[in-house]
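User: I am new to this structure and would like a guided tour. Could you show it to me and then take some questions?

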Amino acid sequence: MARLPGVRRLFRLPHAERDVGTAVEDELSFHVDMLVAELVAAGRSPEEARLEAMTRFGDMDRVRKDCYDISTNREAAMRRTELWTTLWQDLRYAARGLGRAPGFSLVILLTIALGIGATTTMFSVVRGVLLRPLPYPDAERVVRIVPGGPKMDHGNVSATEMEDWSRELTGFAAVGGYRQWETGQVYGDAADPIYVNTTHVTSGFFPALGTRAELGRTMLPAEHVVGANHAVVVSHGFWERQLGAEPQAIGRTIRLDGQPFTVVGVMPSDFAFPTREATVWLSSSLLGEGEVGSGREARWLDVVARLRPGLTPVQGRAEVERLLARLAATYPTSNAGWTVAAVENVRDSIVGPVRRGLLVLLGAVALVLLVVCVNVANLMLVRGVARERELALRAAIGAAHGRIVRLLLTESLLLALVGGLLGVLAAWWGVH
């Protein structure tokens, strides 16, 4: 007798397969016996008649397999039809039953929505802040270098020192400085000017992050020289809102504080450094001494760098400390007492202060979800006890135990689906 192959056998009841096989054998035997009887009536001997009947039927194994496949497919179709019919009946009855207990249903739905919504919201935040990769190639090699001064815990570097750092720190593929001006500058000459957040950067800024422009290019080293043509790189949002999202925007001239700038590149939509408010990036050489001061003591640049392959942040820190020691010996007036406060991955420098708090909150809402599951289970048990007489009556009038269990599971599934949908809506609102 042919058998069902593969995993499908696991999802069929054993007696069902035996019943189909028995029915096929009985049907074949009936037709063979009928043909044998006809041949015997025509004058053949029983032995000749059976041999002739088997010859007419041909390959019995093939016939048996074909009959078995047909019967199995028909049986499966009938079972599917019966399953969907009874499932639809159970869903309608479950909806009516839950509608007759609105207080119970509302409590269950709100409880599930609260647990799923809170957990999904916190996990989305943790994923976005702690787990999602930063939009930089080999982001684990991008670090921030924070100097430590003699009179303060943390500090910056001057433009002059940045030149020393870029030239002498051989363990880093690129070292760049940046400073965002939160007040922004005026864009355009319209009656209602637009204020944008500008970030002044050195020539090593974009190579340190490693992100290429989506359109055009980033600034060239020659464009960071004092007196060079004014080049500017704009954010994807600025390109869409102010430049009409036109590819021809590359090479276009815009005005910042009345000065002309040439747009040389548009960054990708997910690029946001040092903050999401960064709108345009231009050379730090455009800042005059009156704005930031001059000399080695005019420390106003934050530092971002890219480690060379195989170099760890600890090794990078040791190299920076050696450089600062050399600068302190060479320029004791301005550099004495300066050391390294931190060399840390960019993600750690951004989320370090909130990492523990986010993980604690995620653990807390996970416990809330566990409490929700326990409470919902207890409520369902209470409802089951209250329906004891109803279920006993169903069993008494002939309902199979499997049918009763399926009805109860359908009610639970309906509550879980509706509560889960409400939880997803709550999570969507919570994430925003």
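Predicted model: local features only at pLDDT ≥ 70, side-chain atom pairs only at ≥ 80, totals over all residues.

User: What share of the residues is buried?

Analyst: Of the 432 residues, 38% are buried. Buried means under 20% relative accessible area, exposed over 50%, and partly exposed in between, with a 1.4 Å probe and protein chains only.

User: Which strands does E9 pair with?

Analyst: Strand E4 (residues 194–201) runs parallel to strand E9 (residues 280–283), and four bridges join them. Strand E6 (residues 231–234) is antiparallel to E9, with three bridges. Two strands pair if DSSP finds at least two bridges between them.

User: Which residues in E9 are the bridge partners of His200 and Val233?

Analyst: His200 has Leu282 as its bridge partner in E9, and Val233 has Trp281.

User: Changing topic, how many aromatic pairs are there?

Analyst: The count is nine aromatic pairs. Rings of Phe, Tyr and Trp (its six-membered ring) pair if their centres lie within 6.5 Å; planes under 30 degrees apart count as stacked, over 60 as edge-to-face and the rest as tilted. The rings of Tyr136 and Phe273 have centres 6.3 Å apart and planes at 80 degrees, so this pair is edge-to-face.

User: Where in the chain do Tyr136 and Phe273 lie?

Analyst: Tyr136 is in the loop between helix H4 (102–131) and strand E1 (142–148), while Phe273 is in the loop between strand E8 (259–266) and E9; the two are 137 residues apart. Tyr136 is buried at 8% relative accessible area, and Phe273 is buried at 3%.

User: What about Phe205 and Phe206?

Analyst: Phe205 and Phe206 also form an edge-to-face pair, 5.0 Å centre to centre with 80 degrees between the planes. Both residues are buried. Ring pairs link Tyr136, Tyr178, Phe205, Phe206, Phe271, Phe273 and Trp281 into a cluster.

User: And how many salt bridges are there?

Analyst: There are 10 salt bridges, each a side-chain nitrogen of Lys or Arg within 4 Å of a carboxyl oxygen of Asp or Glu. One of them joins Asp164 and Arg167, with the closest N and O atoms 2.7 Å apart.

User: Why are Asp164 and Arg167 about one helical turn apart?

Analyst: They are separated by about one turn because they lie three residues apart in helix H5 (residues 159–168). Asp164 is buried at 7% relative accessibility, whereas Arg167 is exposed at 54%.

User: Is Glu321 buried or partly exposed?

Analyst: Glu321 is partly exposed, at 34% relative accessible area. Its side chain meets that of Arg317 in a salt bridge (3.2 Å, N to O). Arg317 is partly exposed at 29%. Elsewhere, salt bridges that share partners join Asp164, Arg167, Glu168, Arg296 and Arg326 into one network.

Definitions and conventions: Residues numbered from 1 in each chain as written. Heavy atoms only, no water.
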